[in-house]
Amino acid sequence: MTLTIAGLQHDGIAGDVEANLAVIADAARDAASRGADLLVTPEMFVTGYNIGDALAPLAVPELVERIAEIARTEGIAIIAGLPETLPDGGITNSLVAIDRSGAEMLRYRKTHLFGDLDRSLFVPGDTLPPTIDIDGVKVSVLICYDVEFPETVRAAALSGADAVIVPTAQMEPYAHIAERLIPVRAWENQVHVVYVNRTGTEGDLTYVGRSSIVSPEGVVLDSLGPTDTGLLIATIDPEATRRARRENPYLADRRTDLY
């Protein structure tokens, strides 16, 4: 079994949920027509990310059902970045994974908050996600800053993930993360990494684009430039993961007795 993944690189419309859902629906339709099994949006794409006090009123449970409706209608699984309000009133920077029938597979809350922006808006999640199965392919997820910690991707690889999917909102001056770090994370863990970023500006942030899907050998399978909008698409083949782990046995050769 293989899994064809489409990543949506787009500016988004800050604070306009209906407009962003329309973008996702169009992208889902396009991705499905091109043979994709799964669509991934950037971080916090449903509402906007750097929108300050405008965020809280938009963080409603109905957002998940709206994504599920798109998945059912277009017949494609979706991983979408959105806010989630907790019972105590705190808001998390979350993602939801919905299968093509509209059923929720996974919800994950960003565990590593980045700087004053994240900490002023969100409370952190307290658990790393499980690995889930999508069409026979094992997938894990992270959000933006999470992937910059080697332990998170290593944990996903050790759990058997074939791909780590990372919605992000990477901004200037950190283009080197997209360009250099993401291929290294794939290589050092022999895992596909799907890094899906925003473009354009939002408040005082300028996003760097450069979304990519990288193979377990660190080879870029598809990518978009700094200002491109649209879809990047590549197929995740678990055999490529197994082959990479045979040829580059970092996971097997670890000296866990030393660290």
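# Close-up views of a predicted model

**View A. The side chains of glutamate 188 and arginine 185 are joined by a polar contact of 2.6 Å.** A polar contact is a pair of N or O atoms within 3.5 Å; within protein, one atom must be able to donate a hydrogen and the other to accept it, and residues adjacent in sequence count only if both atoms are side-chain atoms. The model is predicted: local features need pLDDT of at least 70 and side-chain atom pairs count only at pLDDT 80 or more, while totals for chains, interfaces and linings use all residues. Residues are numbered from 1 along each chain as its sequence is written, and side-chain values use heavy atoms, with hydrogens and water left out. Glutamate 188 lies in helix H5, residues 175-189; helices (H or I, at least four residues) and strands (E, at least two) are DSSP runs numbered from the N terminus. Glutamate 188 has 19% relative accessibility and therefore counts as buried. Buried means under 20% relative accessible area, exposed over 50%, and partly exposed in between, with a 1.4 Å probe and protein chains only. Apart from residues up to four places away in sequence, glutamate 188 touches Pro150, Arg154 and Tyr250, where contact means heavy atoms within 4.5 Å.

**View B. Glutamine 190 is buried in the loop between H5 and E9.** The relative accessible area of glutamine 190 is 0%. The side chain of glutamine 190 reaches two backbone oxygens: that of glutamate 188 at 3.4 Å and that of asparagine 248 at 3.5 Å. Beyond its neighbours within four places in sequence, glutamine 190 is in contact with several residues, among them Pro216, Thr241, Ala244 and Tyr250.

**View C. Helix H6, residues 238-247, has the buried residues Pro238, Ala240, Thr241 and Ala244.** Seen down the axis of H6, these residues fall within an arc of 155°, so they line one face of the helix; the arc is that of the directions from the helix axis to the C-beta atoms. An α-helix has 3.6 residues a turn, so residues three or four places apart point the same way. Arg246 and Glu247 are exposed on the other side of H6. The cover over the buried residues of H6 includes E7, strand E9 (192-196) and strand E14 (230-236). At the start of H6, a side-chain oxygen of aspartate 237 comes to within 3.0 Å of the backbone nitrogen of glutamate 239.

**View D. The whole structure contains 5 aromatic pairs.** Rings of Phe, Tyr and Trp (its six-membered ring) pair if their centres lie within 6.5 Å; planes under 30 degrees apart count as stacked, over 60 as edge-to-face and the rest as tilted. Tyrosine 49 and phenylalanine 122 have ring centres 6.4 Å apart and planes at 5°, so this pair is stacked. Its members are 73 residues apart and link distant parts of the chain, and both tyrosine 49 and phenylalanine 122 are buried. The rings of phenylalanine 114 and tyrosine 145, with centres 5.1 Å apart and planes at 70°, form an edge-to-face pair. Phenylalanine 114 is partly exposed at 25% relative accessibility, and tyrosine 145 is partly exposed at 22%. Phe114, Tyr145, Phe149 and Tyr174 make up one aromatic cluster.

**View E. Strands E12 (residues 212-214) and E13 (residues 220-223) run antiparallel and are joined by 3 bridges.** Two strands pair if DSSP finds at least two bridges between them. Serine 212 has serine 223 in E13 as its bridge partner. The two strands form a hairpin with 5 residues between them, and glycine 218 in the turn has a positive phi of about 80°.
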